[in-house]
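The following exercises concern a single protein model. Please study the sequence and the structure before working through each solution.

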Amino acid sequence: MKNERPYIICLMMTSVDGKILGEKWGNGKKMETLRGKFEHIHEEIGIKAWIVGRTTMEKDFTDFEKPIIKRTHSAVDRIDFTGKHDASGRFAIALDGHARLGWKEATLQGDHVITILTEKVKDGYLAHLQEIGVSYIFAGKDEIDLTLALKKLRKLFGIEKLMLEGGARINGSFLQAGLIDEFHQLLLPIADGGLETSSVFEIDPKIKENAASLMKLKNVKQIEDDVLWLTYTF
């Protein structure tokens, strides 16, 4: 049920042909201005908790190193751990089922870190997260169960609204599971045209079950620098 999980808004910035932000788009002054629209709209929407996949987390934040595996002589119970955090409700959440992110502190740009894991992770990895105060929850033995993860985020951390910010496979997984309530697309005045560039939603053909997901257009707003802000509901 929806009231058992956070309300999910997916926010993505794309070219006119539906491709998500790529390095090959350049780093000129115009592109830097366009890239800045994402954070501006993120703040305007006002959702404090956000979630991405492991690949996006590594790509957008360069401070990650190899995972730290702390030496431990005792098993660590597979029980969710809540690190110390303030009441601001600001959370940076990573889907990292196989524990590949090397966290060094409990905050990311001032937001408290929550990492979503499977029970396959090493005891020493969990011991390190506890030591530095990173919160973690388990959402499956071998693969992440998104519905379970979202229920735990609401129950354990009181997260009522959550911003989904990609990448393509994670967005596709949420879409496939029917877990997106709104989609906000910042349509940039750019044509990509590259076959290798990811689109907003990508679902593995082996697991895709549903037909195309229908949406209803809620709002269209033109903002500065020829950018369209499209809002859809499911």
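**Exercise 1.** Does H42 count as buried or exposed, and at what relative accessibility?

*Solution.* The structure is a predicted model, in which local features need pLDDT of at least 70, side-chain atom pairs count only at pLDDT 80 or more, and totals for chains, interfaces and linings use all residues. Residues are numbered from 1 along each chain as its sequence is written, and side-chain values use heavy atoms, with hydrogens and water left out.

Step 1. Recall the cut-offs: a residue is buried under 20% relative accessible area, exposed over 50% and partly exposed in between, with a 1.4 Å probe and protein chains only. 

Step 2. H42 has a relative accessibility of 5%, so H42 counts as buried. 

Step 3. Locate the residue: H42 belongs to helix α1. Helices (H or I, at least four residues) and strands (E, at least two) are DSSP runs, numbered from the N terminus. 

Step 4. List the contacts, which are heavy atoms within 4.5 Å. Leaving aside residues up to four places away in sequence, H42 touches L11, I47, W50, M163 and E165.

**Exercise 2.** Describe helix α1 and its surroundings.

*Solution.* Step 1. The expected span of a helix is 1.5 Å times one less than its number of residues. With 17 residues, α1 reaches 25 Å from its first C-alpha to its last, close to the expected 24 Å. 

Step 2. M31, L34, R35, K37, F38, I41 and H42 are the buried residues of α1. They pack against β1, β2, β7 (161-164), β8 (182-187), β9 (216-223) and β10 (227-233). 

Step 3. After the helix comes G46, with a positive phi near 85°.

**Exercise 3.** What is the volume of the largest pocket, and which helix or strand gives the most to its lining?

*Solution.* Step 1. On a 1 Å grid over the protein atoms alone, a pocket is an open set of points where a 1.4 Å probe fits, with protein on both sides within 12 Å along at least five of seven lines; lining residues have an atom within 4 Å of a point. Grid points are joined across faces, edges and corners, and a volume is the space filled by probe spheres set on the points. 

Step 2. The volume of the largest pocket is about 1600 Å³. Among its 49 lining residues, T55, T56, E165, G166 and G167 are the closest to the centre. 

Step 3. Helix α1 gives the most to this lining, namely seven residues.

**Exercise 4.** How are the rings of W50 and F61 arranged, and how are those of F91 and F157 arranged?

*Solution.* Step 1. Rings of Phe, Tyr and Trp (its six-membered ring) pair if their centres lie within 6.5 Å; planes under 30 degrees apart count as stacked, over 60 as edge-to-face and the rest as tilted. By this rule there are seven aromatic pairs. 

Step 2. W50 and F61 are stacked, at 5.9 Å centre to centre with 25° between the planes. W50 is in strand β2, whereas F61 is in the loop between α2 and β3 (91-95), 11 residues apart. Both W50 and F61 are buried. 

Step 3. The ring centres of F91 and F157 are 5.6 Å apart and the planes stand at 70°, so this pair is edge-to-face. Because F91 lies in strand β3 and F157 in helix α4, the pair ties together parts that are 66 residues apart in sequence. 

Step 4. F91 is buried, with a relative accessible area of 3%, and F157 is buried, at 9%.
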